[in-house]
Amino acid sequence: MRRGSQIALFVLNSAFCIRAGAANALPPTPSLVPKAEQVGMASWYGQREAGHRTASGAIFDPALKTAAHRTLPLGSCVQIMHLGNRRSLVVPVTDRGPYVAGRVIDLSQAAARALGMERTGLARVRISATACLRTAQLRVDAQDNSLPRKSAPKFAPHHGEKS
């Protein structure tokens with residue numbers, strides 16, 4: 001595919017993601033995910049922001065594992081490794097931020113808990129853009145929904161039951 005076509009598809013996909021909300025949209029395809037790696041400080045945000053709209057249009061829920069990044073495309077995914085304990089996690093970018101100098105990413109409370117940084121509030125991390133693990137499953141589900149459904153199988157009666 002030509003570079004101009006890739007950019008046009010990326011722009012259209014980004015507009016769709018923002019309009020439809022991150023929960024309902026397919027993230028960018030792996031070939032369109034930028035190659036990026038950063039090392040720096042991560043922080044997290046939680047209940048105070050709960051219920052507010054994110055930059056992607058989705059409602060922020062601190063119980064979902066998500067991230068905010070200044071430049072990565074909304075709907076793309078990022079792998080985060082806590083350099084102190086080597087825990088790793090892949091989360092979608094649904095918001096913009098952090099807006100504090102010296103920080104490279106903001107995580108939801110659930111993501112911070114999974115990485116083991118909820119109590120400290122800050123952690124040194126390595127982040128790298130990656131393909132979303134759910135992308136393939138979302139595409140399979142979309143294809144399955146377009147196929148005609150068979151009726152549910154009928155089960156034989158259990159011992160002692162009448163058919």
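Trainee: In which strand does Ser128 lie?
Mentor: Ser128 lies in strand E6. Keep in mind from the start that this is a predicted model.

Trainee: What makes Ser128 count as buried?
Mentor: Buried means under 20% relative accessible area. The value for Ser128 is 18%, so Ser128 counts as buried.

Trainee: Which residues are in contact with Ser128, leaving aside its neighbours within four places in sequence?
Mentor: Ala36, Glu37, Cys77, Val78 and Gln79. Contact here means heavy atoms within 4.5 Å. Glu37 also stands opposite Ser128 in the strand pairing. As a further distance, the C-alpha atoms of Ser128 and Met81 are 8.8 Å apart in space, while the two residues are 47 apart in sequence.

Trainee: How do you know that E1 and E6 pair?
Mentor: Two strands pair if there are at least two bridges between them. Strand E1, residues 37-45, and E6 have seven bridges, in the antiparallel sense.

Trainee: What about E2 and E4: in which sense do they pair, parallel or antiparallel, and over how many bridges?
Mentor: E2, residues 67-68, pairs with E4 in the parallel sense, over two bridges. The requirement is at least two, so two bridges are enough. Ala67 has Val93 of E4 as its bridge partner.

Trainee: How many bridges join E3 to E4, and how do these strands run?
Mentor: Five bridges join them, and the strands run antiparallel. Ile80 stands opposite Leu89 of E4.

Trainee: In what order do the strands of the closed barrel run?
Mentor: The order is E1-E5-E2-E4-E3-E6, six strands with mixed pairing. The protein chain has three helices and six strands. From the N terminus on, its elements run α-β-β-β-β-β-α-β-α.

Trainee: Why is the link between Cys77 and Cys132 called a disulfide?
Mentor: A disulfide is a pair of cysteine sulfur atoms within 2.5 Å. The S to S distance of Cys77 and Cys132 is 2.0 Å. A search of the whole structure finds one disulfide. The pair links distant parts of the chain, with Cys77 in strand E3 and Cys132 in the loop between strand E6 and helix H3, 55 residues apart.

Trainee: What is the handedness of the disulfide, and why?
Mentor: The torsion about the S-S bond is about 105°, so the disulfide of Cys77 and Cys132 is right-handed.

Trainee: Is Cys77 buried or exposed? And Cys132, buried or exposed?
Mentor: Set each value against the cut-off of under 20%. Cys77 has a relative accessible area of 5% and is buried. Cys132, at 11%, counts as buried too.

Trainee: Which residues touch the most other members of the largest nonpolar core?
Mentor: The core has 20 residues, and Val78, Ile80, Ile105, Leu107 and Val125 touch the most other members. E3, E4, E5, helix H2 and E6 each give two or more residues to this core. The largest share, four residues, comes from E6. As a general point, nonpolar side chains in soluble globular proteins tend to be buried together.

Trainee: What stands out about the phi of Arg86?
Mentor: Phi of Arg86 is near 65°, a positive value in a residue other than glycine. Most residues other than glycine have a negative phi. Arg86 is placed in the loop between E3 and E4, in a hairpin with five residues between the strands.

Trainee: How do you know that the peptide bond joining Gly97 and Pro98 is cis?
Mentor: Omega is about 0° for that bond, and the bond is cis. Most peptide bonds are trans. Pro98 is found in the loop between E4 and E5.

Trainee: What share of the protein chain counts as buried?
Mentor: Of its 163 residues, 37% count as buried. The accessible surface comes to about 10,500 Å², and 55% of that belongs to carbon and sulfur atoms.

Trainee: Among contacts between residues at least 6 apart in sequence, what percentage join residues at least 24 apart?
Mentor: The figure for the protein chain is 72%.

Key
Residues numbered from 1 in each chain as written. Predicted model: local features only at pLDDT ≥ 70, side-chain atom pairs only at ≥ 80, totals over all residues. Heavy atoms only, no water. Buried < 20%, exposed > 50% of the residue type's maximum accessible area, 1.4 Å probe, protein only. Core = buried A, V, L, I, M, F, W, Y, C linked by side-chain atoms within 4.5 Å. Areas by Shrake-Rupley, 256 points an atom, 1.4 Å probe, with all protein chains shown as cover.
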